[in-house]
Amino acid sequence: TYAELDERADRAAAGLAALGIASGDRVLLQLPNGCEFAVALFALLRAGAIPVMCLPGHRAAELGHFAAVSGATALLIPDTAQGFDHRAMAQTLLQDRPVLRHVIVDGDRGPFVSWSQVCAHPSQRAAPKTADPGSPALLLVSGGTTGLPKLIPRTHDDYVYNATASAEICGLTGDDVYLVALPAAHNFPLACPGLLGAVAVGATTVFVNDPSPESAFSAIVRHGVTATALVPALVNLWAQATEWEPETPTSLRLLQVGGAKLEADDARRIRETLTPGLQQVFGMAEGLLCYTRPGDPSELVDRTQGRPLSADDELRIVDDAGLAVPDGTEGELLVRGPYTINGYFRAESDNARSFDPDGFYRSGDLVRRRADGYLEVTGRVKDVIHRGGETVAAGDLEEHLHAHPAILSAAAIALPDPYLGEKICAAVVFAGTPVTLTELNDYLDQRGVARHARPDVLTPMTALPTTAVGKIDKKAIARQLQA
C-alpha cells in the first residue's frame with residue numbers, strides 16, 4: 001500500500017542517514033525492477049541524496065565512469081541478477097574508486113552493508129527538508145551517443161512536471177494499473193508517465209523483471225494492467241505472441257511505444273492484436289517528450305511520433321548549415337523548453353558540442369514536422385545503434401574493440417533485426433590470429449562493457465572501406481553485410 005511504501009521509505013532514509021549518506025551526496029542506484037527499486041528511489045530522495053539511475057546491464061566500465069563523474073559516495077545493488085554477481089563488480093569498483101565509501105546490497109550482502117538492515121532502521125521523520133526545486137533531484141543516464149554515457153541532471157521541478165503532465169496527457173488516474181516492463185531506471189518507464197506518474201495519481205504499479213510475453217501476459221491478466229510502455233522490438237514480439245500464448249492481454253487501454261521508431265505496418269498490427277489504445281512516444285532523457293494523443297485518428301497514431309508535451313517546448317529543425325528548414329523537410333531537431341536540460345552534469349566539452357549558442361539542445365535526431373505540429377522521425381545524425389531499446393554509442397564500443405591485441409581495425413555497425421530492432425555487428429580486420437564472437441565478448445566482459453553493448457555478429461574483413469576523405473564508410477559496410 002502507499003502507507004507501507006511511505007513507512008519503508010522513511011525507515012530506509014533514516015538508515016541511509018545513519019550510514020553517513022548526507023543531503024546532496026550522489027548514490028549509484030542499480031536495482032532490478034521490483035518494489036525495492038521504488039522503496040530505494042523514494043528513500044534516497046527523502047534523505048536528500050541524488051540517485052544516479054544506473055541500468056541493470058551496466059557493468060564496471062560504466063559504473064566506474066558514473067562514479068568518477070558524479071563523485072558518488074555509495075552504491076546500491078542486488079546480490080546477483082540474471083546470473084551476474086554484482087558484489088564481485090563492487091569489489092573492483094572500490095579498488096578503482098576510493099571515493100565510494102558504502103556498498104549496500106539487496107539480498108546476500110557478502111562483505112557489504114545489508115539493504116534489509118538499512119530498511120529496518122527506526123523511522124526518524126522530522127520536519128521535511130525543503131529542496132531547492134531548481135536543483136538536481138536525480139541523474140539519468142544518457143544513451144551514450146558519443147563515448148561513455150553522460151549524466152543528465154533532472155531537477156525537482158522539471159521532473160515533477162515531466163511525470164505529472166505526461167500522466168495528464170495519458171489520462172492516467174487512480175483506477176489505472178501501470179506495468180513497469182522496461183528497466184525502471186529508464187526515463188520512459190520512470191516518468192513518461194511511468195512509475196512517478198502512477199504514484200502522482202495514486203495508481204497501482206506492477207513490476208516485472210522478465211518482459212517476455214510468457215511472463216508479462218500472465219502479470220497483465222493477474223493484475224488487470226491497463227497501461228504500460230514498450231520499445232518497438234518488444235511490442236512486435238508481444239503482437240506476434242498473441243497467436244500462441246494461452247493468456248493474452250485484454251485489459252490494456254494504453255500501450256505506449258517509444259525508444260526507436262515504430263513502423264506504420266507494425267503500429268496497425270499492434271492496434272489490432274493488443275489494444276486500440278496505442279500511443280507513439282518520441283523523446284529523450286534530456287527533456288523533450290512528444291506524444292500522440294488518445295483519440296487521435298489512426299493515421300496520426302500509425303505514421304507520426306506525436307507532438308510536444310508542452311506548449312512552451314521550442315523546436316528548431318535545421319539543415320547541415322544550422323538554418324531552419326520549412327515544415328515537411330527533413331532536418332536535425334534542436335529543442336529548448338521548461339523540462340529540457342541546460343547542460344550535462346560536469347561535462348563541459350560535451351555541453352559545448354550538444355548545445356547551440358541560444359541554449360537549444362542538439363538532439364541528433366532527424367525529423368520532419370508536419371503542418372499540424374506532429375513529428376515524423378526519419379533517422380539520426382549521431383552514430384548510435386538502437387538495440388532492444390538501449391542506445392549504444394558505436395564509437396565507445398569501437399574503442400574497446402581496438403584495445404584487443406588481435407584487432408587491427410574495427411567498426412560497429414547497426415544491422416536490422418526483427419526482434420531487437422537493430423543488432424550490433426563488429427566488422428573487424430584482424431592483426432593476428434582471429435578470435436570467435438564468444439571469445440571477443442568474453443574479452444569485453446572482462447573490460448566491464450555493458451551486456452547490451454556487446455556485438456551480436458562478428459564479421460572478419462580484409463579491409464574496411466573508406467570514404468573519399470578517408471573515414472570508415474559504415475554505409476558501405478552495411479550494404480556489403482546485407483547483400
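This is a predicted model: local features need pLDDT of at least 70, side-chain atom pairs count only at pLDDT 80 or more; totals for chains, interfaces and linings use all residues.
Local features are reported only at pLDDT of at least 70 and side-chain atom pairs only at pLDDT 80 or more, whereas totals for chains, interfaces and linings use all residues. Residues are numbered from 1 along each chain as its sequence is written, and side-chain values use heavy atoms, with hydrogens and water left out.

The chain contains 16 helices and 25 strands, where helices (H or I, at least four residues) and strands (E, at least two) are DSSP runs numbered from the N terminus. Because a compact globule of 483 residues would have a radius of gyration near 23 Å, the value of 22 Å for the chain agrees with such a form; the radius is taken over C-alpha atoms, and the globule rule is 2.2 Å times the number of residues to the power 0.38. The C-alpha trace spans about 65 × 55 × 55 Å along its principal axes. Of the 483 residues, 55% count as buried, a class defined by under 20% relative accessible area, with exposed meaning over 50% and partly exposed in between (1.4 Å probe, protein chains only).

Among contacts (heavy atoms within 4.5 Å) between residues at least 6 apart in sequence, 68% join residues at least 24 apart. The accessible surface comes to about 20,100 Å², and carbon and sulfur atoms account for 51% of that area; areas were computed by the Shrake-Rupley method with a 1.4 Å probe, and for residues only the protein chains shown count as cover. The chain carries 41 positive and 58 negative side chains, and the centres of these two sets lie 3 Å apart. Lys and Arg count as positive and Asp and Glu as negative, without His and the chain ends, and each charge is placed at NZ of Lys, CZ of Arg, CG of Asp or CD of Glu.

Y178 stands opposite A227 in β12.

Helix α10 (residues 232–241) is mostly covered, with eight of its ten residues buried. The buried positions are P232, A233, L234, V235, N236, W238, A239 and A241. Elements covering them include the strands β10, β12, β13 (254–257) and β24 (421–430), together with the helices α9 (213–223) and α11 (264–273).

Several loop residues were examined individually. The peptide bond from C192 to P193 is cis, with omega near -5°, and P193 lies in the loop between α7 (187–191) and α8 (194–201). Q82, in the loop between β4 (80–81) and β5 (84–85), has a positive phi of about 50° although it is not a glycine; Q82 counts as exposed because its relative accessibility is 67%. R346, also not a glycine, has a positive phi of about 50° and is found in the loop between β18 and α13 (348–354). With 54% relative accessibility, R346 therefore counts as exposed. G322, in the loop between β17 (314–318) and β18 (331–336), counts as partly exposed because its relative accessibility is 48%. The C-alpha atoms of G322 and G277 are separated by 37 Å, the two residues being 45 residues apart along the chain.

Methods. Two strands pair if DSSP finds at least two bridges between them.
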